[in-house]
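Student: Could you take me closely through one part of this model, keeping to how its helices pack and stating each cut-off as you come to it?

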Amino acid sequence: MPDKVRFHFDVDGSDFSSAGAASVQVKKKLRQLAYPPEIIRKVSIAMYEGEINMVIHANGGVVDVEASDEEIVIVLSDRGPGIPDVDLAMQAGYSTAKDNIRNLGFGAGMGFPNMKKYTDYMRIDTEVGKGTTVTMKVKL
Amino acid sequence: MKIREIGELLDAKLLTGEDGLDNEVSSACCSDMMSDVLAYVKDQGVLITGLINPQVIRTANMMDMVCIVFARGKAPTEEMIDLAAECGITVMCTKKRAFEASGILYCAGLSRKSEAKDA
């Protein structure tokens, strides 16, 4: 495992078919860096949920991942509409996703709860009309 | 159960991942809702679905699933098959409906042990 490795991805919000591609890349890189499978799984699921959210709700954004021998930090930043009520958004089953997103297999309102479940630390900084930054950490 | 047996039981056509046919799996999940797969699936090796989009492959990859069965004769796109190959996931399609495919695999022993505690 390296001292510290950083990855940066631009997430295209205009094309749903590419949603999740950055998470696939991160998973592959963490495997190459020989992180434990259970850590990789947690990071993958949390980042993937965040990446999908970003495409569904915020027209894309950027993802930065920093992996060290102590923790893996994932920061997802967008300039989307922001979240008016974070407590409500954290509730399992609450979703503002439209039917077209449900038809694609997402929008069950489990994204944020799942991101919290699979990480050791999660913080949401959001401002309506400006955007949202989600920071997550998975400890080794 | 070997992935090869799943293919035989469902009379399924293999689309990619021949190398994985001898891998053993013990449980499966049937869903068109990838959100639910991400939220509720644990240690399940096989995904049975009727949903066609690249996120099916990516979701299976995130969950460390090793085999996807597309039901109701749904055919994944070339892009999806290539992505699955890249992720090392065996992909097959069956004409059987998802409920029937799940029932056949369950009766053959898949998921019998793990279902109760996941419910």
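Tutor: Helices (H or I, at least four residues) and strands (E, at least two) are DSSP runs that are numbered from the N terminus, and in that scheme Lys116(A) has its place in helix H5 of chain A. The model is predicted, so that local features need pLDDT of at least 70 and side-chain atom pairs count only at pLDDT 80 or more, while totals for chains, interfaces and linings use all residues. Residues are numbered from 1 along each chain as its sequence is written, chains are lettered from A and ligands numbered from 1 in the order in which they are written, and side-chain values use heavy atoms, with hydrogens and water left out.

Leaving aside residues up to four places away in sequence, Lys116(A) touches Met90(A) and Met122(A).

The part to examine closely is helix H3 of chain B, which spans residues 54-62. Its partner in chain B is helix H4 (residues 78-87), and the two pack with axes 9 Å apart at an angle of about 15° (axes are lines fitted to C-alpha atoms, for helices over the stretch in contact, and angles run from 0 to 180 degrees between N-to-C directions). H3(B) and H4(B) are therefore roughly parallel to each other (angles under 35 degrees count as roughly parallel, over 145 as roughly antiparallel, 65 to 115 as roughly perpendicular and the rest as oblique). Their crossing is right-handed, meaning that the near helix is turned clockwise from the far one by less than a right angle, anticlockwise being left-handed. H3(B) contributes Pro54(B), Ile57(B), Arg58(B) and Asn61(B) to the contact, and H4(B) contributes Glu79(B), Met80(B), Leu83(B), Ala84(B) and Cys87(B). These residues divide into six nonpolar, one polar and two charged (Ala, Val, Leu, Ile, Met, Phe, Trp, Tyr, Cys and Pro count as nonpolar, Asp, Glu, Lys and Arg as charged, and the others, Gly among them, as polar).

Turning to chain A, the axes of H2(A) and H3(B) come within 9 Å and cross at roughly 150°, which makes H2(A) roughly antiparallel to H3(B). Here Arg41(A), Ser44(A), Ile45(A), Tyr48(A) and Ile52(A) of H2(A) meet Gln55(B), Arg58(B), Thr59(B) and Met62(B) of H3(B), a contact made up of four nonpolar, three polar and two charged residues.

Helix H1 of chain A (residues 21-32) also packs with H3(B), at an angle of about 30° and with the axes 10 Å apart, and that makes H1(A) roughly parallel to H3(B). H1(A) passes H3(B) in a left-handed crossing. On the H1(A) side the contact involves Ala21(A), Ser23(A), Val24(A), Lys27(A) and Arg31(A), while H3(B) supplies Arg58(B), Asn61(B) and Met62(B); by class there are three nonpolar, two polar and three charged residues.

Terms used:
Contact means heavy atoms within 4.5 Å.
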